[in-house]
Amino acid sequence: MAVPVWFLTLPGVMTLDITGPAETLQLAGDAFSLRYIGPQESVPTSTGMTIGQLAPLPESLPVGSLLVVPGVADSSVAFDTPQAIAAQHWLMRLQPAIHARQITLVCICSGAILAARSGLLRGIHCTTHHEVIHRLKSAEPTAIIKENRIFVEDRGICTSAGITAGIDLALHLIHRLCGPQTALAVAREMVIWFRRSGDDPQLSPWLRYRNHLNPAIHRTQDLLIARPERDWSLEEIAGRVHVSARHLTRLFRQHLGISVRDYHEQLRLALARQRLQQGEGTEKAALAAGFSSSRQLRRALQRWQE
């Protein structure tokens, strides 16, 4: 029997927050039955597209349902609309069934904020998009928020980071409910070669340390990203970007708060994780990422474990 999936659809919903997980689950074949519900029949999305023919909010959901709460374009105002308030009261009525794990709650991006306002995240390990973490904290101070995670699952409640993280969470649910082969087949169909796990950080080293304006650091990062597996020496890197090794070290500490070596190691770890998630063995993944052995990889993973 197909698992019923209910998408709570509000005005201003992030288009990819709803279509990303929906397409992912749909590709699992007949395993899921998708339904779209909301306080009003038709709503505009973040991209200006209109979603219509929404079913009204049901009095209850069948046991075993997945209830997906996508995020909205501007959670600072969109969750204060009459439609959002109506959805909040509806979620509050479902609280006993959710906490009894009769319904699996799946929050995408800022959808966790609406769940928090509905009293569903008290004492729950959860996450959301890194830019709205502060709003989630305000909505539910008792929530145990993981600030740099792709998704988190705790006691039948799943929350994810923003935008494409909803696809990762949907793949995780397919893996759990339908098995690893189905999840792998869906990932291949979607041309998602590197499935991220819930333990992966929201911001990879490729993005996390690029929020600066120093040209020498940018040149260094471009150089290392192009060949992270190479055994670069500090002197060679500095020569390539036309600064001294001492000055480059000082720039990284000043602007990024880490050393050149640490940045390079994080790139290698990201590459190794990708290969491990593809199914490669630890030794092969370690060597492909530039580590001398699987033992060296494990030590690096321990150093950067958050």
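**A walk through the chain**

Among contacts in the chain between residues at least 6 apart in sequence, 64% join residues at least 24 apart. Keep that in mind as you look at this predicted model. The chain holds 15 helices and ten strands. Its C-alpha trace spans about 65 × 40 × 35 Å along the principal axes. Of the 306 residues, 50% are buried. The accessible surface comes to about 14,600 Å². Carbon and sulfur atoms account for 52% of that surface.

Now turn to one helix, α11, which runs over residues 234-241. Which of its residues are buried? They are I237, A238 and V241. These three cover an arc of only 95 degrees around the axis, so they lie on the same side of α11. An α-helix has 3.6 residues a turn, so residues three or four places apart point the same way. What covers the buried residues of α11? The cover includes α10 (215-226), α12 (245-255) and α13 (260-277). After α11 comes H242. The phi of H242 is positive, near 65 degrees.

Next, the aromatic rings. A pair of aromatic rings is described by the distance of the centres and the angle of the planes. The count here comes to three aromatic pairs. One of them joins Y209 and Y263. Their centres are 6.0 Å apart, and 80 degrees lie between the planes, an edge-to-face pair. Y209 sits in the loop between α9 (205-208) and α10, while Y263 belongs to helix α13, so this pair ties together parts that are 54 residues apart in sequence. Are these two residues buried or exposed? Y209 has a relative accessible area of 11% and is therefore buried, because the cut-off is under 20%. Y263 is at 0% relative accessibility, so Y263 counts as buried too.

Y263 also pairs with F252. Here the ring centres are 5.9 Å apart and the planes stand at 65 degrees, so this pair is edge-to-face as well. F252 lies in helix α12 and Y263 in helix α13, eleven residues apart. The pair links distant parts of the chain. F252 is buried, like Y263. Together, ring pairs link Y209, F252 and Y263 into a cluster.

Rings also meet charges. Where does R35 lie? R35 is over the face of W6, at 5.0 Å from the ring centre. Look at R230 next. Its charged end sits over the ring of W232, 4.1 Å from the centre of that ring.

Terms used. Residues are numbered from 1 along each chain as its sequence is written. This is a predicted model: local features need pLDDT of at least 70, side-chain atom pairs count only at pLDDT 80 or more; totals for chains, interfaces and linings use all residues. Side-chain values use heavy atoms; hydrogens and water are left out. Buried means under 20% relative accessible area, exposed over 50%, partly exposed in between (1.4 Å probe, protein chains only). Helices (H or I, at least four residues) and strands (E, at least two) are DSSP runs, numbered from the N terminus. The arc is that of the directions from the helix axis to the C-beta atoms. Contact means heavy atoms within 4.5 Å. Rings of Phe, Tyr and Trp (its six-membered ring) pair if their centres lie within 6.5 Å; planes under 30 degrees apart count as stacked, over 60 as edge-to-face and the rest as tilted. A charge sits over a ring if NZ of Lys or CZ of Arg is within 6 Å of the ring centre and within 35 degrees of the ring normal. Accessible areas come from the Shrake-Rupley method with a 1.4 Å probe; for residues, only the protein chains shown count as cover.
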